[in-house]
Amino acid sequence: MSYSTLPELFPEEKAMPLSKYYYNYPMNDLGPIEKQILAAGPMNPEKAIKPEDFLDLYKPCGEYDEVEMGYCMFEDGSGYVATYTRIPPNVDLKKMYWYLGWLNTRPQSSVLGHGNLRYKIWNPADHWDHHYVNWTDGSNGIFTTESLDLGEGERKYDTIRHNYNLRDFGLSDERIKELTDSGCKVKETAGWETFDIPGVHLTLAQIRPCPLGGYERRGREWIGWRPLGGELIRDPRTHCDNDYLKKVVIHTMIEWNHMLTFVNDLYDEYHDQPIDAD
Amino acid sequence: MMVLPKPPKLSPEEKKMPLSKYYDVPVSPPDPLRQQLIDAGPINPADAIRPENFLDLLMPPGVYNKVEHGYCMMPDGSGYIALYQRSDPRISDEMMGWYMRWMNFHSKSMVPGQGNLRYKIWMPLDHIDHSYVNGKDRSDGISTLETLDLGAGSKPIASIHHRIDVKDYGLSEEQIKAYAAMGYSIRIAWESFEIPGSHFCFDVTRPCPLGGMETLSREWIGWRPADGSLVRDEETPVDEEYLRNIVIHNTIEHAHLPKFLPKLYEEYKDQPLDAD
(Lines give C-alpha, C1' and ligand atoms only; values in the text may rest on other atoms or scores of the structure.)
Protein backbone atom coordinates (compact mmCIF):
# COMPACT_ATOMS: atom_id res chain seq x y z
CA MET A 1 0.00 0.00 0.00
CA SER A 2 1.19 3.50 -0.74
CA TYR A 3 -0.64 5.22 2.10
CA SER A 4 2.62 6.73 3.24
CA THR A 5 3.29 8.39 -0.13
CA LEU A 6 1.45 11.68 0.01
CA PRO A 7 -0.14 13.05 -3.15
CA GLU A 8 1.27 16.53 -3.74
CA LEU A 9 -0.99 19.37 -2.60
CA PHE A 10 -1.81 22.34 -4.80
CA PRO A 11 0.27 25.48 -4.12
CA GLU A 12 -2.81 27.20 -2.67
CA GLU A 13 -3.25 24.32 -0.23
CA LYS A 14 0.41 24.23 0.71
CA ALA A 15 0.18 27.88 1.66
CA MET A 16 -2.55 27.17 4.21
CA PRO A 17 -1.46 26.67 7.84
CA LEU A 18 -3.71 23.61 7.75
CA SER A 19 -1.30 21.85 5.40
CA LYS A 20 0.96 20.91 8.31
CA TYR A 21 -1.65 18.37 9.36
CA TYR A 22 -1.26 16.84 5.89
CA TYR A 23 2.50 16.69 5.91
CA ASN A 24 3.53 16.39 9.56
CA TYR A 25 1.25 13.60 10.76
CA PRO A 26 2.33 10.44 8.94
CA MET A 27 -0.24 7.82 8.03
CA ASN A 28 0.36 4.42 9.57
CA ASP A 29 -0.47 0.92 8.58
CA LEU A 30 -2.88 -1.16 10.64
CA GLY A 31 -1.45 -2.45 13.89
CA PRO A 32 -0.36 -6.09 14.18
CA ILE A 33 -3.53 -7.22 15.94
CA GLU A 34 -5.71 -5.89 13.13
CA LYS A 35 -3.42 -7.33 10.46
CA GLN A 36 -3.47 -10.72 12.13
CA ILE A 37 -7.27 -10.71 12.08
CA LEU A 38 -7.37 -9.74 8.42
CA ALA A 39 -4.79 -12.36 7.47
CA ALA A 40 -7.31 -15.03 8.43
CA GLY A 41 -9.46 -13.97 5.47
CA PRO A 42 -13.21 -13.36 5.41
CA MET A 43 -15.14 -14.00 8.61
CA ASN A 44 -17.86 -16.61 8.99
CA PRO A 45 -21.09 -14.96 7.71
CA GLU A 46 -22.97 -16.62 10.56
CA LYS A 47 -21.11 -14.29 12.92
CA ALA A 48 -22.17 -11.18 11.00
CA ILE A 49 -25.19 -9.06 11.93
CA LYS A 50 -27.72 -9.73 9.21
CA PRO A 51 -29.08 -6.67 7.42
CA GLU A 52 -32.55 -7.16 8.85
CA ASP A 53 -31.08 -7.21 12.36
CA PHE A 54 -28.81 -4.22 11.83
CA LEU A 55 -29.98 -2.47 15.00
CA ASP A 56 -28.42 -5.32 16.98
CA LEU A 57 -25.19 -3.37 16.58
CA TYR A 58 -26.42 -1.05 19.31
CA LYS A 59 -25.35 -2.87 22.42
CA PRO A 60 -25.02 -1.78 26.04
CA CYS A 61 -21.54 -0.70 27.15
CA GLY A 62 -19.25 -3.67 27.62
CA GLU A 63 -21.16 -5.98 25.26
CA TYR A 64 -19.69 -6.94 21.89
CA ASP A 65 -20.36 -9.04 18.84
CA GLU A 66 -18.25 -12.16 18.55
CA VAL A 67 -16.61 -10.54 15.53
CA GLU A 68 -15.93 -6.83 15.83
CA MET A 69 -13.51 -6.61 12.92
CA GLY A 70 -13.87 -8.41 9.62
CA TYR A 71 -15.75 -8.76 6.38
CA CYS A 72 -17.72 -11.33 4.44
CA MET A 73 -20.08 -11.88 1.56
CA PHE A 74 -23.62 -12.95 2.34
CA GLU A 75 -25.26 -15.71 0.33
CA ASP A 76 -27.40 -13.18 -1.56
CA GLY A 77 -24.32 -11.39 -2.90
CA SER A 78 -24.46 -8.45 -0.52
CA GLY A 79 -21.54 -7.70 1.78
CA TYR A 80 -20.73 -7.00 5.41
CA VAL A 81 -18.01 -4.90 6.99
CA ALA A 82 -17.21 -4.71 10.71
CA THR A 83 -14.66 -2.25 12.07
CA TYR A 84 -13.56 -1.45 15.60
CA THR A 85 -11.47 1.48 16.80
CA ARG A 86 -10.37 2.10 20.36
CA ILE A 87 -10.34 5.82 21.16
CA PRO A 88 -7.75 6.26 23.93
CA PRO A 89 -8.39 8.36 27.03
CA ASN A 90 -6.12 11.16 25.81
CA VAL A 91 -8.38 11.90 22.83
CA ASP A 92 -11.36 14.09 23.66
CA LEU A 93 -14.53 12.86 21.98
CA LYS A 94 -15.78 16.43 21.78
CA LYS A 95 -12.85 17.24 19.49
CA MET A 96 -13.66 14.33 17.17
CA TYR A 97 -17.28 15.41 16.83
CA TRP A 98 -16.15 18.99 16.21
CA TYR A 99 -13.90 17.78 13.37
CA LEU A 100 -16.66 15.71 11.76
CA GLY A 101 -18.76 18.87 11.43
CA TRP A 102 -15.95 21.32 10.67
CA LEU A 103 -14.59 19.35 7.73
CA ASN A 104 -17.75 20.04 5.73
CA THR A 105 -16.80 23.70 5.32
CA ARG A 106 -13.96 24.45 2.96
CA PRO A 107 -11.17 26.83 3.96
CA GLN A 108 -11.57 30.33 2.48
CA SER A 109 -8.55 29.94 0.20
CA SER A 110 -9.77 26.68 -1.31
CA VAL A 111 -9.86 26.62 -5.09
CA LEU A 112 -12.83 25.08 -6.85
CA GLY A 113 -11.82 21.71 -8.20
CA HIS A 114 -9.01 21.20 -5.70
CA GLY A 115 -11.11 19.30 -3.17
CA ASN A 116 -11.19 20.00 0.56
CA LEU A 117 -7.94 19.98 2.52
CA ARG A 118 -9.86 19.58 5.76
CA TYR A 119 -10.96 16.16 4.51
CA LYS A 120 -7.66 15.28 2.85
CA ILE A 121 -5.78 15.50 6.15
CA TRP A 122 -7.94 12.68 7.53
CA ASN A 123 -6.72 10.20 4.94
CA PRO A 124 -4.20 11.79 2.56
CA ALA A 125 -3.90 8.69 0.41
CA ASP A 126 -7.60 8.49 -0.45
CA HIS A 127 -9.59 11.58 0.52
CA TRP A 128 -10.39 14.39 -1.88
CA ASP A 129 -13.60 16.30 -1.20
CA HIS A 130 -16.26 16.56 1.49
CA HIS A 131 -19.11 19.06 1.91
CA TYR A 132 -22.76 19.43 2.76
CA VAL A 133 -24.89 18.83 -0.32
CA ASN A 134 -26.81 22.07 0.39
CA TRP A 135 -23.63 23.88 1.55
CA THR A 136 -25.32 24.66 4.88
CA ASP A 137 -26.01 21.55 6.93
CA GLY A 138 -26.33 17.81 6.63
CA SER A 139 -30.11 17.75 6.15
CA ASN A 140 -29.80 17.05 2.42
CA GLY A 141 -26.83 14.73 2.77
CA ILE A 142 -23.07 14.95 2.68
CA PHE A 143 -21.07 14.77 -0.53
CA THR A 144 -17.74 12.92 -0.52
CA THR A 145 -15.09 12.12 -3.11
CA GLU A 146 -12.61 9.43 -2.14
CA SER A 147 -10.89 6.25 -3.17
CA LEU A 148 -10.61 3.19 -0.94
CA ASP A 149 -7.33 1.59 -1.96
CA LEU A 150 -5.00 3.85 0.03
CA GLY A 151 -3.52 5.52 -2.98
CA GLU A 152 -2.88 2.43 -5.09
CA GLY A 153 -4.30 4.13 -8.15
CA GLU A 154 -7.98 3.24 -8.32
CA ARG A 155 -10.38 6.00 -9.27
CA LYS A 156 -12.10 8.17 -6.70
CA TYR A 157 -15.84 7.75 -6.23
CA ASP A 158 -18.40 10.45 -5.57
CA THR A 159 -20.66 9.48 -2.71
CA ILE A 160 -23.63 11.05 -1.02
CA ARG A 161 -24.35 10.09 2.56
CA HIS A 162 -28.05 10.34 3.40
CA ASN A 163 -29.58 10.24 6.85
CA TYR A 164 -32.21 7.82 8.01
CA ASN A 165 -34.05 7.58 11.29
CA LEU A 166 -33.47 4.50 13.40
CA ARG A 167 -36.87 4.85 15.07
CA ASP A 168 -38.36 3.92 11.68
CA PHE A 169 -36.64 0.57 12.11
CA GLY A 170 -37.68 -0.26 15.61
CA LEU A 171 -35.38 1.75 17.87
CA SER A 172 -37.72 2.12 20.83
CA ASP A 173 -37.72 4.21 23.99
CA GLU A 174 -37.19 1.00 25.95
CA ARG A 175 -34.12 0.09 23.91
CA ILE A 176 -32.77 3.62 24.21
CA LYS A 177 -33.24 3.50 27.98
CA GLU A 178 -31.44 0.18 28.21
CA LEU A 179 -28.51 1.60 26.27
CA THR A 180 -28.35 4.90 28.11
CA ASP A 181 -28.61 3.15 31.48
CA SER A 182 -25.46 1.25 30.55
CA GLY A 183 -23.63 4.52 29.86
CA CYS A 184 -24.09 4.84 26.08
CA LYS A 185 -25.41 7.89 24.30
CA VAL A 186 -27.81 6.83 21.57
CA LYS A 187 -27.74 8.44 18.15
CA GLU A 188 -31.16 8.08 16.58
CA THR A 189 -30.03 8.68 13.00
CA ALA A 190 -27.48 6.96 10.82
CA GLY A 191 -26.32 7.16 7.22
CA TRP A 192 -26.74 5.31 3.96
CA GLU A 193 -24.75 5.97 0.85
CA THR A 194 -25.32 6.29 -2.87
CA PHE A 195 -22.54 6.54 -5.44
CA ASP A 196 -21.75 7.83 -8.88
CA ILE A 197 -22.46 4.31 -10.05
CA PRO A 198 -25.45 2.16 -9.09
CA GLY A 199 -25.21 0.76 -5.59
CA VAL A 200 -26.02 1.51 -1.96
CA HIS A 201 -24.47 0.96 1.46
CA LEU A 202 -26.31 0.93 4.76
CA THR A 203 -24.10 2.12 7.62
CA LEU A 204 -24.38 2.26 11.37
CA ALA A 205 -21.84 3.04 14.08
CA GLN A 206 -21.84 3.17 17.84
CA ILE A 207 -19.39 5.35 19.74
CA ARG A 208 -19.54 4.62 23.45
CA PRO A 209 -17.39 4.47 26.59
CA CYS A 210 -14.88 1.61 26.54
CA PRO A 211 -14.67 -0.49 29.71
CA LEU A 212 -10.88 -0.27 29.47
CA GLY A 213 -10.94 3.54 29.44
CA GLY A 214 -11.63 6.16 26.80
CA TYR A 215 -14.17 5.36 24.11
CA GLU A 216 -14.61 2.88 21.30
CA ARG A 217 -16.18 3.07 17.85
CA ARG A 218 -17.97 0.02 16.48
CA GLY A 219 -18.82 0.46 12.81
CA ARG A 220 -20.77 -1.69 10.36
CA GLU A 221 -21.67 -1.50 6.68
CA TRP A 222 -24.16 -3.62 4.81
CA ILE A 223 -23.17 -3.33 1.17
CA GLY A 224 -26.10 -3.63 -1.20
CA TRP A 225 -28.78 -2.47 1.23
CA ARG A 226 -30.62 0.81 1.75
CA PRO A 227 -33.48 2.04 3.90
CA LEU A 228 -36.74 3.01 2.23
CA GLY A 229 -40.00 3.83 3.97
CA GLY A 230 -39.11 2.01 7.15
CA GLU A 231 -37.87 -1.09 5.33
CA LEU A 232 -34.54 -2.30 4.07
CA ILE A 233 -34.33 -2.74 0.33
CA ARG A 234 -31.75 -4.87 -1.43
CA ASP A 235 -30.02 -3.26 -4.44
CA PRO A 236 -28.41 -6.13 -6.35
CA ARG A 237 -26.61 -3.69 -8.68
CA THR A 238 -24.18 -2.83 -5.86
CA HIS A 239 -20.63 -3.87 -6.64
CA CYS A 240 -19.28 -6.14 -3.92
CA ASP A 241 -16.66 -8.84 -3.53
CA ASN A 242 -14.23 -9.90 -0.83
CA ASP A 243 -11.39 -7.76 -2.19
CA TYR A 244 -13.60 -4.69 -2.10
CA LEU A 245 -14.83 -5.45 1.42
CA LYS A 246 -11.30 -5.94 2.69
CA LYS A 247 -10.33 -2.56 1.24
CA VAL A 248 -13.24 -0.92 3.03
CA VAL A 249 -12.11 -2.45 6.35
CA ILE A 250 -8.49 -1.36 5.93
CA HIS A 251 -9.34 2.12 4.67
CA THR A 252 -11.84 2.70 7.47
CA MET A 253 -9.63 1.49 10.29
CA ILE A 254 -6.52 3.27 9.08
CA GLU A 255 -8.33 6.58 8.74
CA TRP A 256 -9.97 6.41 12.16
CA ASN A 257 -6.65 5.54 13.74
CA HIS A 258 -5.06 8.41 11.83
CA MET A 259 -7.64 10.91 13.01
CA LEU A 260 -6.69 10.09 16.59
CA THR A 261 -3.13 11.27 15.88
CA PHE A 262 -4.03 14.82 14.86
CA VAL A 263 -7.48 15.74 16.11
CA ASN A 264 -6.38 17.07 19.51
CA ASP A 265 -3.87 19.45 17.93
CA LEU A 266 -6.22 20.47 15.13
CA TYR A 267 -9.02 21.30 17.55
CA ASP A 268 -6.74 23.33 19.77
CA GLU A 269 -5.58 25.39 16.79
CA TYR A 270 -8.84 25.86 14.91
CA HIS A 271 -11.90 25.56 17.13
CA ASP A 272 -11.89 29.26 18.03
CA GLN A 273 -11.04 30.46 14.53
CA PRO A 274 -13.60 31.55 11.91
CA ILE A 275 -15.40 28.60 10.32
CA ASP A 276 -13.61 29.11 6.99
CA ALA A 277 -10.11 29.53 8.45
CA ASP A 278 -7.26 28.31 6.32
CA MET B 1 -18.64 -12.79 25.31
CA MET B 2 -16.41 -13.75 28.21
CA VAL B 3 -18.08 -13.30 31.61
CA LEU B 4 -15.60 -12.93 34.43
CA PRO B 5 -16.27 -14.30 37.92
CA LYS B 6 -16.13 -12.16 41.04
CA PRO B 7 -12.69 -11.89 42.64
CA PRO B 8 -12.05 -13.85 45.85
CA LYS B 9 -13.03 -12.09 49.07
CA LEU B 10 -10.28 -10.29 50.92
CA SER B 11 -9.41 -11.11 54.52
CA PRO B 12 -10.71 -8.79 57.25
CA GLU B 13 -7.19 -7.42 57.68
CA GLU B 14 -6.93 -6.64 53.99
CA LYS B 15 -10.35 -5.06 53.83
CA LYS B 16 -9.32 -2.56 56.49
CA MET B 17 -6.42 -1.27 54.45
CA PRO B 18 -7.01 1.93 52.40
CA LEU B 19 -5.37 0.02 49.55
CA SER B 20 -8.33 -2.39 49.37
CA LYS B 21 -10.42 0.10 47.38
CA TYR B 22 -8.22 -0.62 44.36
CA TYR B 23 -9.18 -4.28 44.62
CA ASP B 24 -12.74 -3.26 43.78
CA VAL B 25 -11.86 -1.71 40.41
CA PRO B 26 -13.81 -3.89 37.94
CA VAL B 27 -11.76 -6.26 35.84
CA SER B 28 -12.73 -6.35 32.15
CA PRO B 29 -12.46 -9.21 29.65
CA PRO B 30 -9.92 -8.86 26.85
CA ASP B 31 -10.63 -6.11 24.32
CA PRO B 32 -12.80 -7.40 21.46
CA LEU B 33 -10.04 -7.65 18.86
CA ARG B 34 -7.70 -9.67 21.05
CA GLN B 35 -10.69 -11.73 22.14
CA GLN B 36 -11.39 -12.41 18.46
CA LEU B 37 -7.84 -13.70 18.03
CA ILE B 38 -8.09 -15.85 21.14
CA ASP B 39 -11.43 -17.27 19.96
CA ALA B 40 -9.79 -18.28 16.69
CA GLY B 41 -7.86 -20.94 18.59
CA PRO B 42 -4.18 -21.84 18.49
CA ILE B 43 -1.96 -20.21 15.87
CA ASN B 44 -0.11 -22.17 13.23
CA PRO B 45 3.22 -23.28 14.80
CA ALA B 46 4.87 -22.36 11.50
CA ASP B 47 4.10 -18.72 12.41
CA ALA B 48 5.82 -18.99 15.80
CA ILE B 49 9.40 -17.92 16.46
CA ARG B 50 11.40 -20.98 17.34
CA PRO B 51 13.20 -20.70 20.70
CA GLU B 52 16.65 -20.85 19.16
CA ASN B 53 15.69 -17.87 16.99
CA PHE B 54 14.30 -15.76 19.82
CA LEU B 55 16.37 -12.76 18.80
CA ASP B 56 14.27 -12.60 15.61
CA LEU B 57 11.83 -10.66 17.77
CA LEU B 58 14.23 -7.73 17.49
CA MET B 59 12.81 -6.20 14.33
CA PRO B 60 13.06 -2.69 12.93
CA PRO B 61 10.48 -0.15 14.14
CA GLY B 62 7.07 -0.71 12.59
CA VAL B 63 7.90 -4.25 11.47
CA TYR B 64 5.96 -7.12 13.00
CA ASN B 65 5.67 -10.87 12.83
CA LYS B 66 2.68 -12.39 11.07
CA VAL B 67 1.40 -13.44 14.48
CA GLU B 68 1.91 -11.09 17.42
CA HIS B 69 -0.85 -12.32 19.74
CA GLY B 70 -1.63 -15.99 20.22
CA TYR B 71 -0.47 -19.37 21.40
CA CYS B 72 0.30 -22.85 20.15
CA MET B 73 1.92 -26.15 21.01
CA MET B 74 5.19 -26.68 19.20
CA PRO B 75 5.97 -30.00 17.46
CA ASP B 76 8.40 -30.99 20.24
CA GLY B 77 5.72 -30.67 22.93
CA SER B 78 6.83 -27.30 24.24
CA GLY B 79 4.55 -24.26 24.20
CA TYR B 80 4.62 -20.81 22.63
CA ILE B 81 3.01 -17.56 23.71
CA ALA B 82 2.98 -14.30 21.74
CA LEU B 83 1.60 -11.11 23.23
CA TYR B 84 1.35 -7.62 21.76
CA GLN B 85 0.53 -4.70 24.02
CA ARG B 86 0.53 -0.94 23.54
CA SER B 87 1.32 1.51 26.29
CA ASP B 88 -1.57 3.45 27.77
CA PRO B 89 -1.42 7.25 27.85
CA ARG B 90 -2.60 7.22 31.47
CA ILE B 91 0.57 5.49 32.63
CA SER B 92 3.96 7.19 32.74
CA ASP B 93 7.33 5.45 32.92
CA GLU B 94 7.70 6.80 36.46
CA MET B 95 4.42 5.25 37.58
CA MET B 96 5.26 1.89 36.05
CA GLY B 97 8.77 1.79 37.48
CA TRP B 98 7.47 2.77 40.91
CA TYR B 99 4.73 0.10 40.94
CA MET B 100 6.96 -2.69 39.66
CA ARG B 101 9.24 -2.14 42.66
CA TRP B 102 6.63 -1.12 45.27
CA MET B 103 4.48 -4.23 44.84
CA ASN B 104 7.38 -6.43 45.93
CA PHE B 105 7.13 -5.12 49.49
CA HIS B 106 4.38 -6.16 51.86
CA SER B 107 2.73 -3.38 53.81
CA LYS B 108 2.87 -3.26 57.60
CA SER B 109 -0.58 -4.78 58.25
CA MET B 110 -0.35 -7.61 55.77
CA VAL B 111 -0.64 -10.98 57.50
CA PRO B 112 1.88 -13.65 56.50
CA GLY B 113 0.15 -16.35 54.51
CA GLN B 114 -2.50 -13.99 53.11
CA GLY B 115 -0.46 -12.85 50.14
CA ASN B 116 0.29 -9.34 48.96
CA LEU B 117 -2.62 -6.99 48.35
CA ARG B 118 -0.38 -4.72 46.29
CA TYR B 119 -0.10 -7.54 43.77
CA LYS B 120 -3.69 -8.72 44.14
CA ILE B 121 -5.08 -5.37 43.00
CA TRP B 122 -3.30 -5.78 39.65
CA MET B 123 -5.28 -8.90 38.76
CA PRO B 124 -7.79 -9.70 41.52
CA LEU B 125 -8.94 -12.91 39.83
CA ASP B 126 -5.54 -14.61 39.88
CA HIS B 127 -2.83 -12.76 41.80
CA ILE B 128 -1.88 -13.77 45.33
CA ASP B 129 1.67 -12.93 46.34
CA HIS B 130 4.72 -11.12 44.98
CA SER B 131 8.05 -10.26 46.57
CA TYR B 132 11.77 -9.98 46.01
CA VAL B 133 13.46 -13.29 46.81
CA ASN B 134 16.09 -11.49 48.89
CA GLY B 135 13.62 -9.00 50.33
CA LYS B 136 15.39 -5.93 48.95
CA ASP B 137 15.87 -6.00 45.17
CA ARG B 138 15.44 -8.15 42.08
CA SER B 139 19.02 -9.37 41.89
CA ASP B 140 18.12 -12.81 43.25
CA GLY B 141 14.80 -13.05 41.45
CA ILE B 142 11.17 -12.26 42.09
CA SER B 143 8.85 -14.70 43.79
CA THR B 144 5.24 -14.89 42.59
CA LEU B 145 2.19 -16.88 43.62
CA GLU B 146 -0.72 -16.86 41.22
CA THR B 147 -3.25 -18.82 39.24
CA LEU B 148 -3.82 -18.35 35.53
CA ASP B 149 -7.38 -19.52 35.05
CA LEU B 150 -9.25 -16.38 36.14
CA GLY B 151 -10.17 -17.85 39.49
CA ALA B 152 -11.64 -21.06 38.08
CA GLY B 153 -10.19 -23.10 40.91
CA SER B 154 -6.78 -24.31 39.84
CA LYS B 155 -4.04 -24.62 42.46
CA PRO B 156 -1.88 -21.49 42.76
CA ILE B 157 1.66 -22.14 41.57
CA ALA B 158 4.69 -20.42 43.07
CA SER B 159 7.32 -19.28 40.60
CA ILE B 160 10.57 -17.36 40.57
CA HIS B 161 11.32 -14.91 37.81
CA HIS B 162 15.03 -14.74 37.04
CA ARG B 163 16.38 -11.84 34.97
CA ILE B 164 19.39 -12.77 32.83
CA ASP B 165 21.87 -10.77 30.82
CA VAL B 166 21.06 -10.64 27.12
CA LYS B 167 24.76 -10.19 26.42
CA ASP B 168 25.20 -13.82 27.39
CA TYR B 169 22.64 -14.90 24.81
CA GLY B 170 23.66 -13.38 21.53
CA LEU B 171 23.60 -9.60 21.72
CA SER B 172 26.76 -7.55 21.97
CA GLU B 173 27.17 -4.43 24.06
CA GLU B 174 27.27 -2.41 20.83
CA GLN B 175 24.04 -3.95 19.57
CA ILE B 176 22.31 -3.26 22.86
CA LYS B 177 23.44 0.36 22.73
CA ALA B 178 22.27 0.67 19.14
CA TYR B 179 18.82 -0.62 20.08
CA ALA B 180 18.70 1.65 23.11
CA ALA B 181 19.48 4.59 20.84
CA MET B 182 16.40 3.64 18.81
CA GLY B 183 14.28 3.72 21.97
CA TYR B 184 14.23 -0.06 22.45
CA SER B 185 14.39 -1.78 25.80
CA ILE B 186 15.09 -5.50 25.87
CA ARG B 187 14.34 -7.90 28.72
CA ILE B 188 15.29 -11.54 28.85
CA ALA B 189 14.30 -13.79 31.75
CA TRP B 190 13.25 -17.27 32.71
CA GLU B 191 10.88 -18.68 35.26
CA SER B 192 11.21 -21.69 37.51
CA PHE B 193 8.35 -23.18 39.51
CA GLU B 194 7.61 -25.09 42.66
CA ILE B 195 6.85 -27.97 40.30
CA PRO B 196 9.22 -29.11 37.55
CA GLY B 197 9.32 -26.88 34.52
CA SER B 198 10.81 -23.75 32.98
CA HIS B 199 9.63 -20.83 30.86
CA PHE B 200 11.94 -18.67 28.78
CA CYS B 201 10.73 -15.09 28.29
CA PHE B 202 11.78 -12.34 25.92
CA ASP B 203 10.24 -8.85 25.75
CA VAL B 204 11.02 -6.00 23.40
CA THR B 205 9.56 -2.58 24.15
CA ARG B 206 9.95 0.05 21.43
CA PRO B 207 8.29 3.18 20.04
CA CYS B 208 4.94 2.45 18.40
CA PRO B 209 4.29 4.08 15.01
CA LEU B 210 0.81 5.04 16.25
CA GLY B 211 2.22 6.80 19.31
CA GLY B 212 3.51 5.75 22.71
CA MET B 213 5.33 2.48 23.11
CA GLU B 214 4.55 -1.11 22.23
CA THR B 215 5.77 -4.35 23.77
CA LEU B 216 6.29 -7.54 21.80
CA SER B 217 6.49 -10.43 24.26
CA ARG B 218 7.24 -14.08 23.78
CA GLU B 219 7.29 -17.02 26.15
CA TRP B 220 8.68 -20.44 25.29
CA ILE B 221 7.23 -22.94 27.74
CA GLY B 222 9.55 -25.85 28.33
CA TRP B 223 12.79 -24.02 27.66
CA ARG B 224 15.36 -22.42 29.90
CA PRO B 225 18.70 -20.69 29.43
CA ALA B 226 21.89 -22.48 30.37
CA ASP B 227 25.45 -21.39 29.70
CA GLY B 228 24.64 -19.11 26.82
CA SER B 229 22.14 -21.32 25.01
CA LEU B 230 18.59 -22.56 25.45
CA VAL B 231 17.92 -26.07 26.64
CA ARG B 232 14.71 -28.02 26.53
CA ASP B 233 13.06 -28.85 29.85
CA GLU B 234 10.91 -31.87 29.05
CA GLU B 235 9.32 -31.93 32.50
CA THR B 236 7.44 -28.69 31.95
CA PRO B 237 3.66 -29.25 32.01
CA VAL B 238 1.92 -27.53 29.11
CA ASP B 239 -1.16 -27.95 26.94
CA GLU B 240 -3.31 -25.70 24.78
CA GLU B 241 -5.69 -24.84 27.60
CA TYR B 242 -2.80 -23.71 29.79
CA LEU B 243 -1.38 -21.58 26.98
CA ARG B 244 -4.75 -20.01 26.24
CA ASN B 245 -5.16 -19.18 29.93
CA ILE B 246 -1.81 -17.41 29.95
CA VAL B 247 -2.76 -15.31 26.92
CA ILE B 248 -6.09 -14.33 28.47
CA HIS B 249 -4.58 -13.68 31.91
CA ASN B 250 -1.78 -11.52 30.53
CA THR B 251 -4.09 -9.63 28.17
CA ILE B 252 -6.47 -8.80 30.99
CA GLU B 253 -3.83 -7.80 33.52
CA HIS B 254 -2.07 -5.51 31.06
CA ALA B 255 -5.32 -3.69 30.32
CA HIS B 256 -6.31 -3.51 34.00
CA LEU B 257 -3.23 -1.64 35.19
CA PRO B 258 -4.13 1.76 33.67
CA LYS B 259 -7.49 1.67 35.39
CA PHE B 260 -5.99 2.08 38.84
CA LEU B 261 -2.29 2.89 38.64
CA PRO B 262 -2.50 6.70 38.19
CA LYS B 263 -4.60 7.09 41.35
CA LEU B 264 -2.59 4.52 43.26
CA TYR B 265 0.62 6.29 42.36
CA GLU B 266 -0.70 9.66 43.46
CA GLU B 267 -1.90 8.23 46.77
CA TYR B 268 1.12 6.10 47.69
CA LYS B 269 4.23 7.41 45.96
CA ASP B 270 5.13 9.74 48.84
CA GLN B 271 4.01 7.43 51.66
CA PRO B 272 6.35 5.15 53.63
CA LEU B 273 7.26 1.95 51.79
CA ASP B 274 5.20 -0.16 54.19
CA ALA B 275 2.04 1.99 54.00
CA ASP B 276 -1.25 0.12 54.06
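**Chain contacts and fold**

Modeller: The contact draws on 25 residues from chain A and 24 residues from chain B. Two residues are in contact if their C-beta atoms, placed from the backbone, lie within 7 Å. This is a predicted model: local features need pLDDT of at least 70, side-chain atom pairs count only at pLDDT 80 or more, and totals for chains, interfaces and linings use all residues. Residues are numbered from 1 along each chain as its sequence is written, while chains are lettered from A and ligands numbered from 1 in the order in which they are written.

Colleague: Which element gives the most to the side of chain A that touches chain B?

Modeller: Elements are DSSP runs, numbered from the N terminus: helices (H or I, at least four residues) and strands (E, at least two). Those giving two or more residues to this side are H3 (32-39), S2 (79-87) and H7 (242-270) of chain A. With six residues, the top contributor is H3(A).

Colleague: Which residues in H3(A) are buried?

Modeller: Buried means 20 or more other C-beta atoms within 10 Å of a residue's own, all placed from the backbone. The cover includes S1 (70-73) and H7 of chain A, together with H2 (32-39) and S2 (79-86) of chain B. The buried residues are A:Pro32, A:Ile33, A:Glu34, A:Gln36 and A:Ile37.

Colleague: What radius of gyration does chain B have?

Modeller: The radius is taken over C-alpha atoms, and the globule rule is 2.2 Å times the number of residues to the power 0.38. For 276 residues, a compact globule would have a value near 19 Å. Chain B agrees, with 19 Å.

Key: Buried ≥ 20, exposed ≤ 12 C-beta atoms within 10 Å, placed from the backbone.
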